[in-house]
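Look at the model that follows. Start with its strands, then move on to its helices and aromatic rings.

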Amino acid sequence: APKMLLTARVARSVVSLGIIMDLLSMVGCFYLHSPQTLLGICSVTSRSCVQPPFGLKTGKMTTQKANMRRARSTLYLSTQSDPPNEQQVELNRKERRRLNRKNRNNQRNRLTADTPIGLTSIARKKSLSQNFLVDDAIIMSLVNCVDDQSQMGCCVVELGPGLGSLTKHLLERFPRMKAVELDGQAVKSLQVSYPNLDITEQSLLDFDFKKHYDEKGERLTVISNVPFGISSSTLYKLLENSAYIRRSVLVLQQEVIDRIMSGQTQRKYGSLSIEHVIRAENIRQEMTIPPMAFEPPPRQTRIGVVSIDYQEELPLEESEMRILRLCLQASFEKKGVTLRESLPRSKELRKELQGLAEICLSDANWLDKKPATLSPGKWLHIARSIYSRSMSSLSETV
């Protein structure tokens, strides 16, 4: 009985001490801050009064200690400034993680570069696949690959300069170069940073290489950190205008470079490699680039640099080259099917060629071949044969 009486007295003393401490906190808030904080402390006090007197353990600390700590933290936050703002509200773990994730995404979605007028920042557009090259050593190696002998670099064309990390070094060697950029924010930044730069706000897929070639009177030299989302489209655009381009230096994904340089016996042998063999004199991979050289770094992608020297004269006429591309695209969509089955399925080929069905029913031996078994020279023969037969059938109908 004496032990139980002593325990009850100790319990009452603990409860009284907790209530006294809460009352002192309320008085301090009343004199130091506003009635809003006082109401918050009152709610904490009301909760502490109904807690178990013997310090029932919840987790690693007692309920009484947790309530006292919560009251002190609320008082500390309330006395920082007047009136309270969003940053003073106590955040739980989930809210802190959400806020940190938002801040990281904001930093990732901003692109910053060092320009002659200082640091310049623009919003990153994911639709444009913007990954800017920022490593100066790699940039200088790229500039050295641009072997252009035109007067003050008037035939140099940079596609997609972004904020000008590569343009800055190119202008030192080629002051009369041309730049083509689609992002309006980047164009405004470049116009302010480099007032003497000849820049056009336009997609590189819409740029008229022939017109620029006619203005300069010499074949062009193209350099570009190609947006990853339009790598194949950019390569086909350059192939179509290879008569006006002497050399291109391109930053591409390694898988795209492998497709360009693959031979007939390799798995990635396709239309891209065949057209480059036909139109290019020399193809060389200059270097590989680590992902950390970009801002933001590309994820799970290997990057390389390839230089392509194009032939000045094409082995086929432009109309025959168009037939060749349509045949390649139609046949390599299904590699396991012979040309006799794949070519008539192409709507574009049927529109372009007269009497395609009759050509595919002929006894030509290449019609029973699969596309991956045919060499680039054989594809030249196929394009000439199909075009000549189509023109002869058209003249007969006329």
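A crossover is right-handed if, with the strands pointing away from the viewer, the path from the first strand over the helix to the second runs clockwise. Helices (H or I, at least four residues) and strands (E, at least two) are DSSP runs, numbered from the N terminus. By that test β6, helix α6 (residues 167-173) and β7 form a right-handed β-α-β unit.

This is a predicted model: local features need pLDDT of at least 70, side-chain atom pairs count only at pLDDT 80 or more, and totals for chains, interfaces and linings use all residues. Residues are numbered from 1 along each chain as its sequence is written, and side-chain values use heavy atoms, with hydrogens and water left out.

Stay with β6. Two strands pair if DSSP finds at least two bridges between them. Strand β7 (residues 178-181) runs parallel to β6, and three bridges join them. Here Glu158 has Ala179 in β7 as its bridge partner. Strand β9 (residues 220-225) is also parallel to β6, with four bridges between the two. Val157 stands opposite Val222 in β9.

What covers the faces of strand β6 (residues 156-159), buried or exposed residues? Buried means under 20% relative accessible area, exposed over 50%, partly exposed in between (1.4 Å probe, protein chains only). Val156 and Glu158 on one side are buried, and so are Val157 and Leu159 on the other.

Now the helices. Axes are lines fitted to C-alpha atoms, for helices over the stretch in contact, and angles run from 0 to 180 degrees between N-to-C directions. α11 and α12 pack at about 155°, and their axes are 10 Å apart. That makes α11 roughly antiparallel to α12 (an angle over 145 degrees).

Next, the rings. A pair of aromatic rings is described by the distance of the centres and the angle of the planes. Rings of Phe, Tyr and Trp (its six-membered ring) pair if their centres lie within 6.5 Å; planes under 30 degrees apart count as stacked, over 60 as edge-to-face and the rest as tilted. This rule gives five aromatic pairs. In one, Phe207 and Phe209 have ring centres 5.0 Å apart and planes at 90°, so the pair is edge-to-face. Both residues, Phe207 and Phe209, are buried.

Tyr269 and Phe332 are also edge-to-face, because their ring centres are 6.2 Å apart and their planes at 75°. Tyr269 lies in the loop between α10 (254-261) and α11 (271-279), and Phe332 in helix α12 (residues 318-332), so the pair ties together parts 63 residues apart in sequence. Both Tyr269 and Phe332 are buried. Ring pairs link Tyr269, Phe332 and Trp379 into a cluster.

How values were computed. Parallel < 35°, antiparallel > 145°, perpendicular 65-115°, else oblique.
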